[in-house]
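Dear colleague,

Please find below the structure that I am handing over to you, together with its sequence. My notes on what was found follow directly after it.

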Amino acid sequence: MDRRDAAALDETSPLRELRDRFSLPEGVVYLDGNSLGALPTGVAARLAAAVQDEWGRGLIRSWNDAEWIDLPARVGDRIAPLIGAAPGDVHVGDSTSISLFKTMAAALRARPERRVLVLEPSTFPTDGYVAHGVAALTGAEIRWCDPADPLAAVDDDVALLSLTHVDFRTGAMFDLPAITAAARARGALVQWDLCHSAGAVEVDLTAAGADLAVGCTYKYLNGGPGSPAYTWVHPRLQAELENPLPGWMGHAQPFAMSRDYAPRDGVARFATGTPPVLALTALDAAMEVFEGVDQAVLREVSLSLTSLFLRLLDERLGDRIDVVTPREAERRGSQVSFRHPDSYGIVAALIARGVIGDWRDPDIARFGFAPLYVRHVDVHDAVEHLVAVLDAEEHLDPAHRRRNAVT
Ligand SMILES: *Cc1c(COP(=O)(O)O)cnc(C)c1O
């Protein structure tokens, strides 16, 4: 597979026209959209208009005139088709960590006769930290499952099984429908953290019959740094679950300013405070890129990119690196990771060459393939740069061994 073959794959890609809707710097191969998505072209102008016109001129009137108040639901409706949710069932507004706190605490309160919250030990750390906070407040017990068999930990004591769909280190993906069905059959509620899947991997929460889901929007959904996360609650549970952080924005009539709390109907009761209007505006504009894009097509392109990367790693580097991402397509998300004792230096040397991936403790080099804007030629070029780095031992350069605060 030479560069021309890769270019031929790009020419027939069903998403080939969407890359132009991102503003990517010249000379950069961006393989970190699983950490911070690229900037869609329409966002800057939309944000400028929101600041100058809606805020600057409209002032307080824009809550109504610019429909700021509806942004959490409107953006939720844009996310819904990417996760198999119905319109109206997705709320957007807090960080993933806060959203997890609310859903975990709500699930435990809804199943008082069951006191165990099951997590996998390889989950993104914040999920575990939040779960411990929830456990400390509710008296629940945390049970760590074996990621190879999460169901073995689910018995009659389990209120909630909360799993991350795609592992942030290895890119390994759980069988969401099968695990959901089996855990629900044992009476547990099931929550999925979709941070590393939605927008690149097919997700159908409704078909799977899951109970809860959260996910962030600054990774594959390109909402910008710190853009707010989403929460989905299955309609059968919406009336039953209580927001453990009730606030006026989840009140049925916030401007009645009544002393007593009465929750809104639906998932909107998970709102707490005033929505982050500028961040939601950027996200709303960013999500336009997904209009009319089928999940199956995103997945097809993503798999084509990760398959090519894996194949070229094998062909060009063999056992000089240790690939930790599952080879079976149905078991991986949209990233490929490998281990190497000098992985930090490798990633830094690649970044110096304009190939941006990232590094995860202790020795993982990680590359994300956002199907909307990564091309097969980028995959090809990234591997050629990687071979050059290793051949010239650029990764051993002391300049590439200094750790940044954010890796
Ligand atoms: C990125 C990520 C988060 C981020 O949480 P924030 O509170 O939005 O910073 C949480 N969970 C998982 C699995 C992630 O990948």
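In the side chain of Lys219, an N or O atom lies 2.6 Å from an oxygen atom of the ligand. Please bear in mind that this is a predicted model. A polar side-chain atom of Thr96 is likewise placed 3.0 Å from an oxygen atom of the ligand. In total, 13 residues surround the ligand, and the closest are Thr96, Ser97, Asp127, His196 and Lys219.

Helix 5 and helix 6 deserve a description next. The crossing of helix 5 with helix 6 is right-handed. On the side of helix 5, the contact involves Ser97, Leu100, Phe101, Met104, Ala105 and Leu108, which meet Thr126, Asp127, Val130, Ala131, Val134, Leu137 and Thr138 of helix 6. Sorted by class, these residues comprise 9 nonpolar, 3 polar and 1 charged. Ser97 and Asp127 belong to this contact, and both are also listed among the closest residues to the ligand.

A second pair is formed by helix 4 (residues 71-83) and helix 10 (residues 277-286), whose axes come within 10 Å and cross at roughly 25°. Helix 4 and helix 10 are therefore roughly parallel to each other, and their crossing is left-handed. Helix 4 contributes Leu71, Pro72, Arg74, Val75 and Arg78 to the contact, while helix 10 contributes Val277, Leu280, Thr281, Leu283 and Asp284. This contact has 6 nonpolar, 1 polar and 3 charged residues.

The crossing of helix 12 and helix 13 is right-handed. Here Ile346, Ala349 and Leu350 of helix 12 meet Ala382, His385, Leu386, Val389 and Leu390 of helix 13. The residues of this contact divide into 7 nonpolar, 1 polar and no charged.

Two points of backbone geometry remain. Most residues other than glycine have a negative phi, and most peptide bonds are trans. Leu59, however, has a positive phi of about 50° although it is not a glycine. Leu59 is located in the loop between helix 2 (43-57) and helix 3 (62-65). The peptide bond from Asp361 to Pro362 is cis, with omega near 0°. Pro362 belongs to the loop that runs between strand 12 (358-360) and strand 13 (364-368).

With kind regards

Note on methods. Residues numbered from 1 in each chain as written. Predicted model: local features only at pLDDT ≥ 70, side-chain atom pairs only at ≥ 80, totals over all residues. Heavy atoms only, no water. Axes fitted to C-alpha atoms, helices over the stretch in contact; angles between N-to-C directions. Helix = DSSP H or I, 4+ residues; strand = E, 2+ residues; numbered from the N terminus. Parallel < 35°, antiparallel > 145°, perpendicular 65-115°, else oblique. Left-handed = near helix turned anticlockwise from the far one by under 90°. Contact = heavy atoms within 4.5 Å. Nonpolar A, V, L, I, M, F, W, Y, C, P; charged D, E, K, R; others polar. Near = heavy atom within 4 Å. Polar contact = N/O pair within 3.5 Å; in protein donor to acceptor, adjacent residues only side chain to side chain.
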